[in-house]
Each structure stands twice: as C-alpha cells, then as structure tokens.
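Student: I have a model open and would like to learn how to read it, feature by feature. Could we go through it together?

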Amino acid sequence: MELIESREIAAPRDQVWAALLDAEVLKTCVPGCETMEGSASEGFTAEVVQKVGPVKARFKGAVTISDVVEGQSCTLSGEGKGGAAGFAKGEARVTLADSETGTLLSYEVNAKVGGKLAQLGSRLIDGFARKMADQFFERFQATVEGPAADEDQQDDAAPDEGGEKKGWLKRVISS
Amino acid sequence: MPKDSGIGASSKRREDVRFLTGNGNYTDDININGQTYAHFIRSDVAHGTINSINTAAAEAMDGVIKVFTAADFAAAGGIPCGWQITDRDGNAMQEPKHPILAEGKVRHVGDPIAVVVAETLEAARDAAEAVEIDIDELPAVIDMKAALDDGATKVHDDLTSNLCFDWGFVEENREAVDAAFAEAAHVTSLDLVNNRLVANPMEPRVAIGDYNRSDDEYTLYTTSQNPHVIRLLMGAFVLSIPEHKLRVVAPDVGGGFGSKIYHYAEEAFCTFAAKVLNRPVKWTSTRAEAFVSDAHGRDHVTKIELALDADNKFTAIRTETYANMGAYLSTFAPAIPTWLHGTLMAGNYTTPLIYVNVKAVFTNTVPVDAYRGAGRPEATFQLERVIDKAARELGVDPAELRRQNFIKPDQFPYATPVAVEYDTGDYDATLDKVLELGDYNGFAARAAESAANGKLRGIGLANYIEACGIAPSNLVGQLGARAGLYESAKVRVNATGSISVFTGSHSHGQGHETTFAQVVADMIGLPEDQIDIVHGDTSKVPMGMGTYGSRSLAVGGSAMVRATEKIINKAKKIAAHLMEAAEDDIELKDGQFSVAGTDKSVAWGDVTLAAYVPHNYPLEDIEPGLEETAFYDPANFTYPSGSYLCEVEVDPDTGTVDVVAFTAADDFGNVINPMIVEGQVQGGLAQGIGQALRESAVYDDNGQLLSGSFMDYAMPRADDLPNLVVDHSSCTPCTHNPLGVKGCGEAGAIGSPPAVVNAVLDALNRAGHKVDHIDMPVSPARVWAAMNS
C-alpha cells in the first residue's frame with residue numbers, strides 16, 4: 001500500500017529536523033513502541049506491540065534512517081518480526097519545507113506485511129498502515145509543537161487511545 | 001418400485017450413525033501413550049535465502065525435546081512426484097527437489113523451515129518464537145507469464161528456467177489444426193482464467209508417527225485418501241522403509257476433494273521423527289496452516305479458439321494454457337493440466353481437430369494439484385464458455401449449437417482426436433432431460449417476472465464429459481504415471497456367513513461402507529448388515545491405489561465384484577458337494593444354493609460353515625476356508641456425461657448474482673444408491689457454484705496469500721444455493737466394467753461453473769450489456785464493472 005500526505009507543523013524547520021532523528025521522539029511517536037534504542041547514524045532497535053485485526057504481536061526490529069539530505073529530507077525504514085504473526089515492513093520518505101506557519105512536513109509511506117498478518121489481516125492492512133502513519137505524524141506534530149498545541153488539539157480531537165497516550169507522553173517529555 | 005436393499009436401493013448411509021453422533025474416529029482423535037507434539041515453523045516470505053537457523057534458545061526451553069531442520073534430513077529423499085510429463089521436444093519435464101524441510105531457500109509462504117517437537121503443543125508453539133531464522137528475501141515469482149520472461153527470477157536456481165514443461169497435444173495435429181483455422185467460416189476466441197482454489201475439507205490434515213523399536217516397525221496415522229500410495233511413496237522414495245515395516249492408517253477422514261491424495265512433508269516428518277525421538281509425534285494442522293500448506297487446485301490461464309464451418313459445425317479447437325505448478329511438484333501435479341485436461345478437450349462434440357498447448361510454470365506459491373474434477377473442470381469451462389460465446393456471435397440458440405455438434409448415440413465407441421475412446425453415451429438424452437426439467441422453453445415468462453422485480457434474469461447451459469475410473473495401468477504407464485492404477489479387494493467370508501470386504505478404495509465422505517455392502521449383498525442375496533467394509537489400513541487391505549478421479553466404484557467396486565465372484569464359485573463347489581450334485585447345476589439366489597430343477601437347497605451359512613469346519617468337504621479338490629482376493633485393472637476410462645442448466649438473477653444496481661434455479665441431468669451408467677449419488681452431485685454443484693461465484697485464492701505481488709482465511713476466502717454457503725434438481729435417469733451403462741458404472745463424484749464440480757457463468761452473461765447481454773466474459777469468481781464488483789464499462 002502507498003500513502004502520500006502532508007501536514008503543517010508550527011515549528012521552525014531545524015527543530016522539526018532534529019526531532020525527526022531523535023530516539024526519544026521516535027519512541028514517543030511510533031504507536032505501540034515500547035523500546036527504541038540507538039542513534040540516527042547507527043540505526044535504532046525497537047520493540048513495538050500492535051494489533052492488526054485478529055492478530056496481536058510484539059514486533060522486534062530495526063529502524064534505519066537513510067537518504068539523508070540534511071535539514072530537508074530522509075527515509076525512515078522499519079522492519080519488525082512478529083514471530084508467529086509474521087512481519088511488517090514500512091518506510092516513510094519525509095520531506096521538510098519552510099511554510100507560513102513553520103514547516104510543511106510531507107511524507108510518502110509504503111507498507112508491506114507477511115505471514116499470518118497478511119493471511120488474516122490483508123484487507124485491514126491499508127487502513128491499519130494509514131492509521132499508524134497518521135498517529136505517528138500526529139504525535140510527532142504534537143511533540144514538536146509543545147504543550148499549547150497539544151491542548152488545542154485535545155479540544156477538537158476525540159479522546160481515543162492515541163490521544164490519551166499522546167497527552168501523557170507529551171507531559172513526560174515537556175516536564 | 002424402488003428396491004429396499006441391494007443394488008439400486010437408497011439404503012441409508014450406515015457410516016452416518018457414527019458421524020452424526022460424534023463417534024467418528026478421525027486421526028486427531030487418536031492419541032498414543034507418550035505422544036509428543038510437532039509445530040512447524042513456516043516461511044512468511046514467498047521467496048528467500050536462508051542465511052541461518054539458530055535453534056539453541058528454543059531447545060533450551062522447558063518441554064522442548066528437539067528442533068529439527070533440513071540438516072536432520074540429509075539422508076532422506078525429497079517428496080517424490082508421481083507423474084512425469086514429456087514435453088513437445090521429447091524431453092522430460094524439469095523436476096526440482098522437494099525437500100521435507102526447506103534446504104537453503106524458502107519458495108512459498110508456508111514452506112516449512114523447522115519443526116519444534118515438545119511435550120505439549122503449547123510448549124512447541126512457544127519455543128517456535130525462540131527459533132531465530134535469518135532470511136534474505138528475494139523477489140517473488142507470482143505471475144505465470146512474467147515467470148517465463150528471459151532473466152526472470154528463478155524459483156529453483158538449479159533449473160534452467162521456471163518452465164516445468166511445454167506440452168503439445170496432439171503435437172502431430174498442430175499444422176492440420178492451424179490449417180483448419182485458416183479455412184474456418186467463423187472463429188471464436190476467448191481468454192479466460194480458471195481461478196485458484198483451496199480445497200478446505202472440514203477436517204484439516206493430521207499426521208501421527210509412531211515407531212516400535214523392538215520390531216523396527218513404523219506406523220503413520222494420516223488424513224489420506226490413499227494410505228497405500230503414501231506407504232509406497234514415503235517408504236520407497238523418502239525414508240527408505242520397506243513395506244513390511246511400515247503401516248499407514250487413514251481412519252475416518254473428513255473430506256479430501258483431492259487435497260488429501262498427495263504425500264506431504266508433515267507425514268514423512270512425523271514418521272521420521274518418531275524413530276529419532278523413540279516417541280510418537282503428532283501434528284495437527286490449523287486452518288491457517290491448511291491454507292498455505294494443502295495443495296491448491298486449478299489456476300489456469302487460457303486462450304481458447306473455436307473454428308466453425310458455414311453450417312456451424314465445429315472444425316477445430318486450439319488452446320494455449322499456462323498452468324501453475326506452484327513452488328514444487330505435488331504428487332500428481334503434472335498430470336492434471338495434461339492427461340486429465342487435454343484428453344477431454346473434445347467434450348461431447350465431434351470436433352475433428354484439436355491442439356492443446358500447456359505450459360506448466362513454477363511460481364513462489366503453494367503447490368497446485370488435483371481438486372475435485374482435476375483438469376476436467378478446466379477443459380469443460382473453456383469449451384462450454386467458448387461455445388456459448390460462439391452461439392451469441394452467430395445468433396443461434398446455445399442448446400441447438402451444442403446439439404448440432406454432439407457425438408450421436410450410434411457413433412459409439414467414439415475415438416476422439418485427443419486419444420481417448422468414449423465407450424458409450426447419449427448426450428441428446430441428458431440435454432433433452434435438463435431442458436425439460438429446467439423448463440427451458442418457459443424461460444421468457446420467468447425473465448419477465450424477474451424484470452418486473454427489477455432483476456436481470458439469465459439462463460446458462462453447459463454439457464460435460466469426464467474421464468473417470470482411472471485407469472488402465474499400461475496406458476497411464478505410457479503417459480508418464482509412475483504407478484499402476486488398478487484396485488484390489490479381499491472378500492473374507494466368516495464361518496457363520498458374515499462377510500468382511502477389504503477394499504483399497506478409501507472412503508472419506510463417499511459412503512463406500514454403505515454402497516459397497518449393497519453390491520456384495522445383492523450378488524449373494526444377503527441382508528446388507530451381513531457385510532462390513534474395511535478400508536484405510538495397509539495392514540488389513542492387500543493393496544490400494546486410493547480414491548480420486550471418481551474411481552472407487554468403477555475400479556475398487558469392480559475388484560470387489562471379481563473377488564466376490566471367486567467366492568461364489570468356490571461356495572458353489574462346496575454346495576455341490578453338500579447336495580451331491582454337479583457344480584454346473586448349482587444356483588445361488590437370496591442366500592440359498594439350490595440344484596436346478598430340484599427342491600434341494602442349502603443355505604449360505606451352511607456352506608460357509610462347511611468351509612471352516614470341513615468334516616463333510618471335498619478336501620481333495622479345494623482348500624478349506626472362504627477368502628478371495630482380486631485385483632482389477634480397467635480396460636478403459638469411464639465417461640460419465642451430463643447437461644446442466646442454471647438460472648440466475650443479477651441485481652443491476654449492485655451486480656449481485658443470485659442462482660435461482662439449477663438443474664443437473666447426468667448419465668452415470670448404473671447407479672448403486674440413488675440417494676448417495678444425489679448427495680454427491682449436490683456436493684459437487686455446491687463446490688462448482690462456489691468456484692463460479694465466491695472462491696478465489698489470491699496472491700499479492702510479494703507472494704502473500706491475501707485470501708488466506710475464511711474471512712476473505714468465501715466458501716459457498718447454504719443460502720448461496722437454490723434447490724438443486726438432480727436427475728440421473730439417463731443411463732448408458734459402462735461397457736467394460738462388471739457393474740456398468742461410471743462414477744459420479746466429480747461431475748457436479750465439473751459441469752456447473754460454465755453453466756453459472758453462461759447464465760450471468762446471458763442475463764447481462766439480454767439487458768443490452770455487450771459483455772463477452774467475466775472471470776471467476778463472478779463477484780458483484782466484477783459484474784458491476786462489466787455492466788458499467
């Protein structure tokens with residue numbers, strides 16, 4: 001599946017760029033992420049717990065950052081193995097550009113699954129990948145923009161699981 | 001008046017007493033003291049190189065006994081293929097090794113890589129998570145035509161390409177066929193797909209291996225349609241175990257539809273591991289595993305062309321088919337798109353020239369093999385679809401175009417241009433019958449009624465012929481079979497007159513325990529309950545080639561008749577001695593031996609008792625006892641045929657297809673049990689309608705099976721089916737087997753898909769939509785798209 005989206009972030013481009021390469025920020029923003037270790041230059045290892053339709057699994061895998069054009073664009077690639085559940089792979093090509101409100105973040109996402117995930121959840125994958133990407137960049141935006149923006153968002157966002165978690169993570173990071 | 005017992009009676013299925021009360025004994029019901037549990041770790045990528053497998057952490061876990069990998073099977077053979085095809089150039093097909101566990105590469109999602117054996121199934125599954133397997137994913141080969149491109153990724157690095165074989169049939173006819181097309185008054189051509197199916201029997205596969213160290217004997221309990229074939233293939237080719245040390249038992253089996261014919265890696269694994277561990281090893285497939293490890297069916301992509309002369313007589317047929325073999329050659333895979341498909345391309349018609357080209361292709365998908373009908377549904381679908389299209393192009397009635405080209409009753413035996421000789425048939429009779437029962441002439445009124453309800457009604461016809469009762473061993477040997485295709489039966493008459501029949505035909509839904517008993521009861525004149533049918537155990541039954549290709553009654557039943565005839569002949573000798581009469585004067589009727597023209601008689605039980613208590617017995621002429629064995633090798637295939645009529649309503653807004661009427665008129669030759677035959681046809685129709693409207697195994701470009709569960713793989717349901725009208729009153733008995741029977745197991749699945757698709761296209765074209773073809777499954781989305789393109 002492929003997904004092309006963009007979103008406005010009310011923060012300067014260099015701040016957005018720095019956040020994109022930060023393990024703590026990534027850990028905060030990847031939905032279901034339990035651990036994220038490493039660095040942008042050497043790659044990260046991560047554990048993510050996710051549920052796709054009937055299949056729930058703990059994915060152990062790696063996140064690498066490649067095709068880096070400093071301050072402008074990079075590719076975030078993740079590959080996770082979920083044991084009996086199969087595997088999930090995805091990459092997001094992220095591009096930053098200055099805009100009136102701060103930074104325009106554009107992303108193209110490719111996702112691929114295999115094993116039981118594909119066998120049982122194939123028709124759910126597109127929606128799932130879209131949700132994962134949306135949540136990631138929503139959280140990313142909230143993290144970068146800081147508490148004020150978060151409160152704004154909470155006003156009009158439904159208090160779903162992602163929203164609650166985002167608020168909690170935001171408080172941890174901003175404290 | 002219908003009979004209440006013996007041949008022709010609708011005797012109730014005796015096996016249903018245990019099935020309906022939960023007392024069946026299926027393989028998974030078997031548990032052996034000390035049994036261990038196997039969990040297979042399967043590839044979740046379609047194609048990849050195995051860099052490493054680390055089992056240490058898993059083997060250290062509680063309850064884990066051993067983790068097996070390909071390295072443990074270095075001395076074992078690969079899973080053999082039972083049929084070799086010779087290609088157009090006279091070369092043998094490309095035949096890759098099919099290892100028990102993946103060696104170096106994985107080639108389809110579901111390919112087994114390692115097996116954890118543990119004290120419990122839970123421990124085995126948990127430990128599987130700790131087995132570290134490092135695989136570099138390779139590009140997946142999925143599309144058959146792309147697989148044959150120069151430079152395409154190869155499924156098997158040691159083969160020259162992904163082409164298993166390129167088969168031409170009849171190769172010598174090719175030029176004449178091309179010439180006939182050049183001269184044709186009309187040519188109709190059609191590109192179509194015969195969709196890939198998953199058999200999905202109710203009972204998933206199970207295997208239990210057991211080894212007895214004290215006498216070096218192995219037992220495999222398995223969900224098989226042919227335990228003797230498994231013993232032969234696994235014993236001789238995979239594990240090198242001689243027959244007398246290997247017993248294979250297939251107890252109650254909950255449906256097969258072809259998918260349980262083949263020898264599978266799990267069977268060899270459990271048998272092998274039982275000896276290594278000196279403990280029984282049990283594996284039970286999950287439904288998810290079944291989707292990616294049971295052989296699939298169909299998956300042909302075909303271009304068919306039909307040439308007609310100015311009088312609408314068929315003059316030639318030319319086809320080109322790509323047949324998916326999957327990643328490895330399953331047991332009978334190469335025979336399906338060739339000898340079970342090309343030889344049926346004449347159908348019920350007098351087409352004088354036929355050329356069939358089949359390219360069999362390896363892809364990174366589950367192996368493909370026979371599924372109910374096997375090759376014959378693919379042939380029938382092409383033929384009946386292209387004829388329907390020709391009728392529309394020519395503006396003639398599709399029933400009449402077919403009838404005009406029928407082989408007529410006085411033309412039998414009829415030698416087709418595709419190497420088979422139909423012994424008997426009457427295609428006008430079944431066509432007349434189906435048009436009458438289905439009220440073909442009253443269609444317009446029903447269509448008007450549907451139109452008043454806002455629905456588009458269509459009617460579709462299809463004829464079929466199939467070659468069943470496979471087959472003469474000497475013939476199939478020439479065609480590349482690596483086995484004989486006879487059947488055996490042993491009839492044991494006990495001292496008190498009851499009878500045990502040991503048949504090589506396996507029953508897994510067909511009702512042999514009832515119908516076979518009816519035959520023997522009829523021959524001797526005994527109540528059916530005096531006869532028991534024993535099958536499915538190589539230690540009890542002399543030999544068996546198994547149940548597939550609608551062969552049980554035609555071949556297995558014939559062997560049983562031959563053995564029973566030997567019994568009767570011997571019993572007459574004993575009766576003649578007891579009554580001091582000449583053997584030639586002895587008659588057997590209703591279980592009584594009598595001397596012709598006298599009132600002397602002796603009961604069946606007195607004769608059988610004499611055989612085992614031979615005090616007054618012709619010991620100088622015959623041996624005591626009453627037990628006979630016969631092997632029967634048929635002289636020809638049998639050729640059941642029939643005509644099917646389907647009516648559908650299409651919702652013009654949604655494209656939803658509703659099968660509102662279905663009529664089947666079959667000629668199965670003689671019928672032993674009409675009720676069971678009707679049930680067999682109904683089941684076949686359900687599967688055929690399922691193929692036409694619902695079922696499809698779909699792979700994505702990466703080789704992931706997208707319709708890999710019942711959430712996405714749509715099995716036909718009761719409410720998809722109308723009341724099925726089934727008739728088998730047309731009867732031209734088979735001329736070469738003693739019962740005059742032809743076989744009925746696959747007919748429904750062969751004849752129904754084209755009838756359904758023809759009906760849908762009829763509905764659309766009547767409504768003014770110029771649609772030539774819709775591929776199966778004819779889903780609402782496809783119908784809607786066809787109407788709105």
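Tutor: Gladly. Two strands pair if DSSP finds at least two bridges between them. Keep in mind that this is a predicted model. In chain B, strand 15 (residues 300-308) and strand 16 (residues 314-326) pair over 9 bridges in the antiparallel sense.

Student: Which residue stands opposite B:Leu306 in strand 16 of chain B?

Tutor: That is B:Ile317.

Student: What is the order of the strands in the open sheet of 5 strands?

Tutor: The order is 7-17-16-15-8 in chain B, and the pairing is mixed.

Student: Which strands does helix 9 of chain B lie across?

Tutor: Helix 9 (residues 376-394) lies across strand 8, strand 15 and strand 16 of chain B. The helix runs at about 140° to strand 8.

Student: Now a hairpin, please. How many bridges join strand 24 and strand 25 of chain B?

Tutor: Strand 24 (residues 586-589) and strand 25 (residues 592-595) run antiparallel and are joined by 4 bridges. B:Lys589 stands opposite B:Gln592 in strand 25 of chain B. The hairpin has 2 residues between the strands, and B:Asp590 takes a positive phi near 50°.

Student: And helices? Where should I start?

Tutor: An α-helix has 3.6 residues a turn, so residues three or four places apart point the same way. Then look at how two helices meet. The axes of helix 6 (residues 227-238) and helix 7 (residues 265-277) of chain B come within 11 Å and cross at roughly 65°. The crossing of helix 6 and helix 7 of chain B is right-handed.

Student: Which residues make the contact between helix 6 and helix 7 of chain B?

Tutor: Helix 6 of chain B brings B:Ile230, B:Met234 and B:Val238, while helix 7 of chain B brings B:Glu267, B:Ala268 and B:Thr271. By class, the residues of this contact are 4 nonpolar, 1 polar and 1 charged.

Student: What about the length and covering of helix 17 of chain B?

Tutor: Compare its reach with what is expected at 1.5 Å a residue: helix 17 (residues 674-693) of chain B has 20 residues and spans 28 Å from its first C-alpha to its last, close to the expected 28 Å. Helix 17 of chain B is mostly covered, with 14 of its 20 residues buried.

Student: Is B:Thr343 buried or exposed?

Tutor: Count its neighbours: a residue is buried if 20 or more other C-beta atoms lie within 10 Å of its own. B:Thr343 has 22 C-beta neighbours inside 10 Å, so B:Thr343 counts as buried. B:Thr343 lies in the loop between strand 16 and strand 17 (353-362) of chain B. B:Val418 is 75 residues away from B:Thr343 in sequence, yet their C-alpha atoms are 5.0 Å apart. Leaving out residues up to four places away in sequence, B:Thr343 touches B:Val418, B:Ala419, B:Val420 and B:Ala467.

Student: Why does B:Glu217 count as partly exposed?

Tutor: Because B:Glu217 has 15 C-beta neighbours inside 10 Å. B:Glu217 lies in strand 11 (residues 217-222) of chain B.

Student: Finally, how many residues of chain B are in contact with chain A?

Tutor: There are 16, and they meet 13 residues of chain A. Helix 8 (residues 287-293) of chain B gives the most to that side, with 3 residues. By class, the side of chain B that touches chain A has 9 nonpolar, 4 polar and 3 charged residues.

Terms used
Residues are numbered from 1 along each chain as its sequence is written. Chains are lettered from A and ligands numbered from 1 in the order in which they are written. This is a predicted model: local features need pLDDT of at least 70, side-chain atom pairs count only at pLDDT 80 or more; totals for chains, interfaces and linings use all residues. The expected span of a helix is 1.5 Å times one less than its number of residues. A residue is buried if 20 or more other C-beta atoms lie within 10 Å of its own, exposed if 12 or fewer, and partly exposed in between; C-beta atoms are placed from the backbone. Two residues are in contact if their C-beta atoms, placed from the backbone, lie within 7 Å. Axes are lines fitted to C-alpha atoms, for helices over the stretch in contact, and angles run from 0 to 180 degrees between N-to-C directions. Ala, Val, Leu, Ile, Met, Phe, Trp, Tyr, Cys and Pro count as nonpolar, Asp, Glu, Lys and Arg as charged, and the others, Gly among them, as polar. A crossing is left-handed if the near helix is turned anticlockwise from the far one by less than a right angle, and right-handed if clockwise.
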